[in-house]
Amino acid sequence: MDRAKRSRWTSRMHGVGSVFVAMALLGTAPAAAQIVDIPAILDADLKAPPMSAVVQYGHQFEADVEDAGTKIARDTAFFGLNQRFKLGERTTLFMVETYTLHAYDFSGRSGPANRYRWDDVHRIVVAGMIGHDLNDRWRLLGGAMIRSWGEGGAEFGDTLSGGLLAGFDYHPDPDFSIGLVVGALSKLGGGVGLIPVPTMRWNMTSDWHVNVGMIQLVDPGVGAMVSHDFTPELSLGAGFAFQSRQYRLADKTRVTPTGVRPNRTDDGGIGQERELPIVALLRYRPTPRIELDLHGGVAVGGNIRVEDEDGGRIRDDDYDAAGLLGVKAQFLF
């Protein structure tokens, strides 16, 4: 390896280390997974087609909720549109619109003893970000997003959250970029969260690729994926993504208040869930503008939580590791 290549490799390895250290030290991956929700606009490849559509479906198999006598399973359907518009020679507008349906299935314990009894949860996201190239290596990013996330029947205004996004990326060549996006975004339980998300794209060789930052496994999450292209049409990958969901519950009481906590009911409350899916992914490209994915794996570190409308805890429990399976189709225009 000549000196120039060795220098580039060393620099990129330092970048890889910095990204993973930042993710560990910040400790915000689960929160960022449900806050940022904009994987498509962080891609430094401006030569890609200007529009894409994504359709995904995933099933998470039944798992026992510890200390609750309940079982949890979930089906998730996702549809997204991503567009890129040139506003000038150095300025680009990225737009993302997504819809997600989470269909929960709680079984086992029934009646008032079961604190987790919501059904279909809907998420709509609209986000826009402007990227401005300072030069051929540095880009500044700034934008905003708004999201509705709630159970069917929840008051629409109570499902809304959103805020501002800002960041940068550094792309010294087409095969490597590193960056950071920070979101200052409202939370359903009140207050504003400051969420940093480090990002990296690295084509180590023509066949090996590393992606750190937003990973879309039906739900978006903060994590990493390594993939290998066996042929131009077929590739195999493996990775993980911290995922967290927070949504407004419908205005109906399913959790009975107690004498000690007379105001602790889920009427208009908040449901939350977090987990770490670890998956293997098979990708097939029948044409350069169609990608078909199949992924499977296991979700570990699962936790389910229910709060009152002000964010006060009613109950939270861990749940066992759960198998998962998903399919995805992406169309580039």
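**Reading the model**

Modeller: Of the 333 residues of the protein, 48% count as buried; buried means under 20% relative accessible area, exposed over 50%, and partly exposed in between, with a 1.4 Å probe and protein chains only. This is a predicted model, in which local features need pLDDT of at least 70 and side-chain atom pairs count only at pLDDT 80 or more, while totals for chains, interfaces and linings use all residues. Residues are numbered from 1 along each chain as its sequence is written, and side-chain values use heavy atoms, with hydrogens and water left out.

Biologist: What pLDDT does the protein average, and where does pLDDT stay under 50?

Modeller: pLDDT is the predictor's confidence in each residue, from 0 to 100. The protein averages 83, and 81% of the residues score at least 70. Over residues 18–36 the value stays under 50, and the model has 43 contacts there beyond four places in sequence; a contact means heavy atoms within 4.5 Å. Where pLDDT is low, the predicted coordinates should not be read in detail.

Biologist: How many helices and strands has the protein?

Modeller: Helices (H or I, at least four residues) and strands (E, at least two) are DSSP runs, numbered from the N terminus. The protein has two helices and 15 strands. Among contacts with a separation of 6 or more, residues 24 or more positions apart account for 61%.

Biologist: Which strands pair with β11?

Modeller: Two strands pair if DSSP finds at least two bridges between them. Strand β10 (residues 219–229) pairs with β11 (residues 234–248) in the antiparallel sense over eight bridges. These two strands form a hairpin, with four residues between them, and Val226 stands opposite Ala238 in β11. Strand β12 (residues 270–287) also runs antiparallel to β11, joined by 13 bridges. There, Gln243 has Glu275 in β12 as its bridge partner.

Biologist: Is Gln246 buried or exposed, and what does its side chain reach?

Modeller: Gln246, in strand β11, is buried because its relative accessible area is 10%. A polar contact is a pair of N or O atoms within 3.5 Å; within protein, one must be able to donate a hydrogen and the other to accept it, and residues adjacent in sequence count only if both atoms are side-chain atoms. The side chain of Gln246 reaches the backbone nitrogen of Leu188 at 3.4 Å.

Biologist: Which residues touch the most other members of the largest nonpolar core?

Modeller: In soluble globular proteins, nonpolar side chains tend to be buried together. A nonpolar core is a set of buried Ala, Val, Leu, Ile, Met, Phe, Trp, Tyr and Cys residues joined through side-chain atoms within 4.5 Å. The largest has 17 residues, of which Ile72, Tyr104, Phe106, Tyr116, Trp118, Tyr247 and Ile304 touch the most other members. At least two residues of this core come from each of β1 (51–65), β3 (91–108), β13 (290–307) and β14 (313–319). Another core, of nine residues, lies apart from it and includes Ala127, Leu141, Met145 and Val181.

Biologist: How many salt bridges are there, and which residues are linked in a network?

Modeller: A salt bridge is a side-chain nitrogen of Lys or Arg within 4 Å of a carboxyl oxygen of Asp or Glu. By this rule the count is 17. Arg74 forms one with Glu275, with their closest N and O atoms 3.0 Å apart. That pair links distant parts of the chain, since Arg74 is in strand β2 (residues 70–86) and Glu275 in β12, 201 residues apart. Both Arg74 and Glu275 are buried. A network of salt bridges links Arg74, Arg123, Asp219, Arg245, Glu273 and Glu275.

Biologist: What parts does the salt bridge of Arg283 with Asp293 tie together?

Modeller: The closest N and O atoms of Arg283 and Asp293 are 2.7 Å apart. Arg283 lies in β12 and Asp293 in β13, so the pair ties together parts that are 10 residues apart in sequence.

Biologist: What is the phi of Val218, and where is this residue found?

Modeller: Most residues other than glycine have a negative phi. Val218 has a phi near 65°, a positive value in a residue other than glycine. Val218 is found in the loop between β9 (208–217) and β10, and is buried, with a relative accessible area of 5%.
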